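Dear colleague,

I am passing on the structure we spoke of, and my notes on it follow below. Please read them with the coordinates open.

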Amino acid sequence: MTQAHPTLAAPLPSLTIDLASIFAGHAERTARIEALRPGNKDRLFDGLMAAGITHVTVSFDGEGDSGQIESIAAWNGETAVDFPPVEIAYAALTWDDPEIEMRQLSFEDAVEQLAYDFLSDTHGGWENNDGAYGEFCFDAAARSIHLEFNERFTSSELFTHDF
């Protein structure tokens with residue numbers, strides 16, 4: 001009878017992870033993305049004002065690891081209006097390229113992208129578990145964005161009694 005000996009692969013070299021470098025790279029990327037937002041907001045607000053749109057409302061809802069923008073509506077005062085069929089420049093970074101990419105987005109797409117970005121920045125994971133819902137108001141005249149955010153959660157209370 002022949003005894004077989006298993007052939008073991010050579011041990012892998014030890015893996016060193018430089019977490020400080022990873023965190024620094026993430027912080028740098030985040031700072032670059034945040035630096036693009038004022039220009040994107042300015043181009044959006046300029047375009048909205050030129051189109052006679054005073055404000056835009058964006059409602060969102062999410063739960064169970066899924067979330068989405070439910071509606072985007074444009075307004076001139078109290079009157080609902082259509083978005084004009086034009087595009088605006090929107091600066092973005094992609095994951096695989098460190099260069100700034102200038103995209104041409106419709107008003108609706110630019111509003112949606114900014115809403116998702118702000119949700120991610122302020123309430124990352126808003127779509128998870130019980131989720132959240134709310135509404136943005138993009139006020140073109142005031143050049144501001146207001147967010148009303150409602151977080152859902154499951155709660156339990158323990159009551160003990162000795163009798």
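I begin with a loop: arginine 143 sits in the stretch between strands E6 and E7, and its phi is positive, about 55°, although the residue is not a glycine. Please keep in mind that the model is a predicted one.

A second residue with a positive phi is aspartate 65, which is not a glycine either and has a value near 70°. Aspartate 65 belongs to the loop between E1 and strand E2 (66-76), and at a relative accessible area of 57% this residue is exposed. Leaving aside neighbours within four places in sequence, aspartate 65 is in contact with Glu127, Asn128 and Asn129. By contrast, the C-alpha atoms of aspartate 65 and proline 84 are separated by 33 Å, with the two residues 19 apart along the chain.

Turning to helix H1, this element has 32 residues and reaches 47 Å from its first C-alpha to its last, which is close to the 46 Å expected at 1.5 Å a residue. Just after H1, glycine 52 takes a positive phi of about 80°. The buried residues of H1 are Arg29, Leu36, Arg37, Asn40, Leu44, Phe45, Gly47 and Leu48, and the elements that cover them include strand E1 (55-63), E4, strand E5 (97-106), H2, strand E6 (132-139) and strand E7 (144-151).

Which residues does asparagine 40 contact, once its neighbours within four places in sequence are left aside? They are Ala89, Tyr90 and Ala91. Asparagine 40 itself lies in helix H1, and its relative accessible area is 2%, so it counts as buried, the limit being under 20%.

The largest pocket also involves H1. Its volume is about 500 Å³, and it is lined by 19 residues, with Arg29, Ile33, Arg37, Leu93 and Asp117 lying nearest its centre. Helix H1 (19-50), strand E4 (87-94) and helix H2 (107-122) each supply at least two residues of that lining, and H1 gives the most, with eight. Sorted by class, the lining of this pocket comprises eight nonpolar, five polar and six charged residues. Two of the residues nearest the centre of the pocket, Arg29 and Arg37, are also among the buried residues of H1.

Finally, a point that comes from a record: an unreviewed UniProt entry places the feature "domain: DUF6878" at residues 36-163. In the model, the end C-alpha atoms of that span lie 64 Å apart, and the span is 24% helix and 45% strand.

With best wishes

Terms used: Residues numbered from 1 in each chain as written. Predicted model: local features only at pLDDT ≥ 70, side-chain atom pairs only at ≥ 80, totals over all residues. Heavy atoms only, no water. 1 Å grid on protein atoms, 1.4 Å probe; cavity = no way out; pocket = protein on both sides within 12 Å on 5 of 7 lines; lining within 4 Å. Points joined across faces, edges and corners; volume = space filled by probe spheres on them. Helix = DSSP H or I, 4+ residues; strand = E, 2+ residues; numbered from the N terminus. Nonpolar A, V, L, I, M, F, W, Y, C, P; charged D, E, K, R; others polar. UniProt positions renumbered as here; feature names shortened; annotations may be inferred. Buried < 20%, exposed > 50% of the residue type's maximum accessible area, 1.4 Å probe, protein only. Contact = heavy atoms within 4.5 Å. Expected span 1.5 Å × (residues − 1).
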